[in-house]
Amino acid sequence: MQRLRRYDLKLEFKPEKYLIVADTLSRAFDRSVKKSNTEEEIKAHTDMIRQNAQVSDPMWEKIATHTKDDEELKDVLNAVHFGWESDHAQSLKPYYHFRGDITEIDGVLVKGPKVIIPKTLQGDMLKKIHEGHLGIEKCQARARQVMYWPNINNDIENHIGRCGTCQKHRYKQAKEPMGQHEIPEKPWRKLARSRLIHAVWQELLDGCRLYIKLPRSGQIRRSVVHKHHKSHEIHHGKTRSSFCGCVR
Ligand SMILES: [Zn+2]
């Protein structure tokens, strides 16, 4: 099973009468090729999972100890070793639909590349995940890469919801979304006016993609801006909307 986990298998049924080639090849295999060493391959695969999980050896042992004592995970371990029954116990229900992904490595249960965390260590893991007080989505994404337990996303959400530091700074961190202008269908249909320095305007308006022309002077007086606005209307038609003071 461990050897097959490396492959993305696609099974296709073929009636026996069409299996001529497979049978021919099985009788004419290359005898010079040495048999693979299953044990070595399994070890390489489990080492790869342990390396990817980035869990230190003492921590791995701790998880293994807690897994052994966990009421629910004890049943999962038993099912992994002796088979999953269709009329499985209630404790196996959260794991049954992905039972093919679960295996045991040195006493620790893993789901694919993720370590399954026993109940008694979930609180510690939540604290680790939330170190730095990242938001819910970032914490969930961080956890998704390396660990798993049923309802982990809800637990992360609840943990952050109870975090005093996050609650205290929640509103301070909120950013007002940037207002967006619709792009006008023709030039000069929208005009922005202000007495800002031309260079500042240019920078702002490049981002807003408004069609604008301003006199190339330094500080512009309101009357000058108004005069240029009128001149635009004479040359390009009436402006449908204009903005004063600031670009929002
Ligand atoms: Zn927090």
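**Entry 1: the hairpin of strands 2 and 3.** I looked up strand 2 and strand 3 and found that they form a hairpin with 2 residues between them, where Gly112 in the turn has a positive phi of about 60°. I noted that strands here are DSSP runs (E, at least two residues), while helices are runs of H or I with at least four residues, both numbered from the N terminus. Strand 2 (residues 108-111) and strand 3 (residues 114-116) pair in the antiparallel sense over 2 bridges, and pairing requires that DSSP finds at least two bridges between the two strands. Val110 has Val115 of strand 3 as its bridge partner.

**Entry 2: what the model is.** I wrote down that this is a predicted model, in which local features need pLDDT of at least 70 and side-chain atom pairs count only at pLDDT 80 or more, whereas totals for chains, interfaces and linings use all residues. Residues are numbered from 1 along each chain as its sequence is written, and side-chain values use heavy atoms, with hydrogens and water left out.

Entry 3: I then followed strand 1 (residues 102-105), which is joined to strand 2 by 4 bridges and runs antiparallel to strand 2; here Ile102 has Lys111 as its bridge partner. This hairpin also has 2 residues between its strands, and Asp106 takes a positive phi near 50°.

Which way do the residues of strand 2 point? I found Val108 and Val110 pointing one way and Leu109 and Lys111 the other way, and all are buried, that is, under 20% relative accessible area with a 1.4 Å probe and protein chains only.

Entry 4: I recorded an open sheet of 4 strands in the order 1-2-3-4, with mixed pairing. Strand 1 and strand 4 (147-148) stand at the edges with a single partner strand each, so one side of each has no neighbour in the sheet. Strand 3 and strand 4 run parallel and are joined by 2 bridges, with Val115 opposite Met147 of strand 4.

**Entry 5: two helices.** I looked up helix 3 (residues 57-69) and helix 4 (residues 71-82), which pack at an angle of about 95° with their axes 5 Å apart; the axes are lines fitted to C-alpha atoms over the stretch in contact, and the angles run from 0 to 180 degrees between N-to-C directions. That makes helix 3 roughly perpendicular to helix 4, a label for angles of 65 to 115 degrees.

**Entry 6: confidence.** The chain averages a pLDDT of 77, and 68% of the residues score at least 70, pLDDT being the predictor's confidence in each residue from 0 to 100.

Notes
Buried < 20%, exposed > 50% of the residue type's maximum accessible area, 1.4 Å probe, protein only. Parallel < 35°, antiparallel > 145°, perpendicular 65-115°, else oblique.
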